[in-house]
Amino acid sequence: MSNDEPGPGREGEEPEKRPPGGPDNPFPGFDLGAIFGQLQNMFSWQGGPINWQLAVETAKQTIRQTGDASLTASERSQVDQTVRLAEHWLDEATSLPAASAGQALAWNRAEWLDGTLPAWKKLVEPLAAHVVGAMGQALPEQAAGMGAQLTGVLTQVGGMMFGAQVGQGLGQLATEVVGATDIGLPLGPAGQPVLVPANIAAFGSGLDLPADDVRLYLALRECAHQRLFHHAPWLSAHLFSAVEEYARGMHVDTSKLEEAVGTIDMSNPEALNDALAGGLLEPEETPRQKAALARLETALALVEGWVDDVVTSAATPRMPSAPLFHEAIRRRRAEGGPAEQTFVTLVGLEIRPRRMRDAATVWASLRETRGISGREALWAHPDMLPTGDDLDDAKGFAERAASPDRMDIGDLGFDEPRGDGDQSGGGESGDEGRGDDGTTR
C-alpha cells in the first residue's frame, strides 16, 4: 500500500471492509475472526468438566438448522386441552391421581432444551468429571512438574470435548422428543406434563392416523410418567443415583489417553471430534459398572413397562387406533429411539428393549392378579419392585406377589382403592358405569 492509499490505520477514515479471503485470510468463505473467537471461548471455560456454553450453542445450532417456530397461543391451548382429556382417561386406569402442579406445558425445541438443561447437568456431569480426572492421571511423569497449570489445560480440553459431544446429542434429541419423559427420566418441571408439538407432528407423519389421536396418545404417556414420578418421590433419585454409580465404576484406558494427549491437535475442533468418535473417552466395562447398568436397565424397564400397561388400559376401550400407537412406540424403541440413542451418546449406556416388554408383562400380570391398586402398591418402596430375575419370570413373580404374606397394601402408605380403582381389567370390565363424557372424545 502506498502512502497515498486509504487504509484502516488512517486517522478519520473508516476501516476498509474486506470479504473473507484475500491476503489477510487465505481461507475464502471462512470468518477466521469468528472461528478464533469461538476457540477462545472454548478454552476459557472454567465452569466444570463440561463446557456448557459450547454444549448449548452446539445444540441450538442443530435446532436452528432443523427449524423451530415459536408456538402460538392456539397451539398451547390445544396442548392444555389434550392433557386435561388424557388425565381424565388415566383416572380410571390407575389409582395414582393426576400430578399436575399447574397448567400443562407446550414447548418448542429450544424451550425443551432450556427446560431440561438442569436435569442433563445432573445426569452427565458425574461421568465427565470422572473421565477428566482420568485424563489428569494419564499425564506422563515428566509433565507432573507443571502441576496446576497443566491440570487447568486438561480441564478446559475435557470440557470442550464433552461440550461438543453433549451439545450434539442434546441438539439431535431436541428434534425428536415428544415430551419431558421420553428417556424414562423426569427432565422437566416436577409434576407438569410437557408436549413438543413439532415433534409430535413428525412422529405422526408416517402413521396415517388423525393428528388429534397422535397428540392424545402421546399425552397419555407423558401424563402417566408424571403421575408415577410424582407419587413415587424416591424414584427419580433412584434412577439418577444408578447413573452416578455407573460413573464411579468407570475405568478409563489411560494408555489410550496418554497417547492421545501427545497426538491430538488441541487447536483443531475437528481433530477432537474425530478422537471422540473413535472411542477416546469410551470406558472399559467393570463388574461395578455392569451391576449399576443392570440396576438402571431394570428400573427404566419397570417405569416404561408400567406406563405401557396403564396407557393401554386407558386408551384401548376408547381409541380404536391405540394398538397401532402401541406398536409404533415399541418399534421406535427397538430401532433405537431417542432414549436409547441418548444414553449411548451421553451416558454410554445401551438400554435393552427386551427388558421393557418383560416389565410390561409383569405389570399386566399384577393388575390381573392383584387389581390396579395392588399393582400400584409396589411403587411404595424400591425394595418392593421386581428384580432383573423377576423380569425373566414375569407371571411367576405376579403369582408370588399375590400371596397374602407377600405384602400388606394397607401398610404401604397408598390411599385405599377408589370405587373402580380395584378393577383388574382396567379396559374390559372397567367400562361399566362410565359416563358418556369419559368414553368418547
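Started with a charge over a ring: Lys 122 lies over the face of Phe 240, 4.8 Å from the ring centre. My rule for that asks for NZ of Lys or CZ of Arg within 6 Å of the ring centre and within 35 degrees of the ring normal.

Housekeeping before I go on. This is a predicted model, so I take local features at pLDDT of at least 70 and side-chain atom pairs at pLDDT 80 or more, while totals for chains, interfaces and linings use all residues. Residues are numbered from 1 along each chain as its sequence is written, and side-chain values use heavy atoms, with hydrogens and water left out.

**Aromatic pairs**

I paired rings of Phe, Tyr and Trp (its six-membered ring) when their centres lie within 6.5 Å; planes under 30 degrees apart are stacked, over 60 edge-to-face, the rest tilted. That gave me four aromatic pairs. Tyr 217 and Phe 325 are stacked, because their ring centres are 5.1 Å apart and their planes sit at 20°. Tyr 217 is in helix α7 (residues 211-231) and Phe 325 in helix α12 (residues 322-334), so this pair ties together parts 108 residues apart in sequence.

Tyr 217 is buried at 2%, and Phe 325 is buried at 0%.

Next I looked at Trp 363 and Trp 379, another stacked pair, with 5.1 Å centre to centre and 20° between the planes. Trp 363 belongs to helix α14 and Trp 379 to the loop between α14 and α15, so the pair links parts 16 residues apart in sequence. Trp 363 is buried at 0% and Trp 379 at 1%. Trp 234, Trp 306, Trp 363 and Trp 379 make up one aromatic cluster.

**Core**

**Helix α12**

Back to the helix that holds Phe 325. Which residues of α12 are buried? I list Ala 322, Phe 325, His 326, Ala 328, Ile 329, Arg 332 and Arg 333. Down the axis of α12 they fall within an arc of 160°, so they line one face of the helix; the arc is taken from the directions from the helix axis to the C-beta atoms. On the face turned away, I find Leu 324 and Ala 334 exposed.

**Two threonines**

Thr 116 is in helix α4 (residues 109-137) and is buried at 0%. Its side chain reaches the backbone oxygen of Trp 112 at 2.8 Å.

Thr 181 sits in the loop between α5 (147-174) and β2 (194-195), buried at 2%. I looked for polar contacts (N or O atoms within 3.5 Å; within protein, one able to donate a hydrogen and the other to accept it, with sequence-adjacent residues counting only if both atoms are side-chain atoms). The Thr 181 side chain contacts the side chain of Glu 222 at 2.8 Å and that of His 225 at 3.3 Å.

Methods:
Helices (H or I, at least four residues) and strands (E, at least two) are DSSP runs, numbered from the N terminus. Buried means under 20% relative accessible area, exposed over 50%, partly exposed in between (1.4 Å probe, protein chains only).
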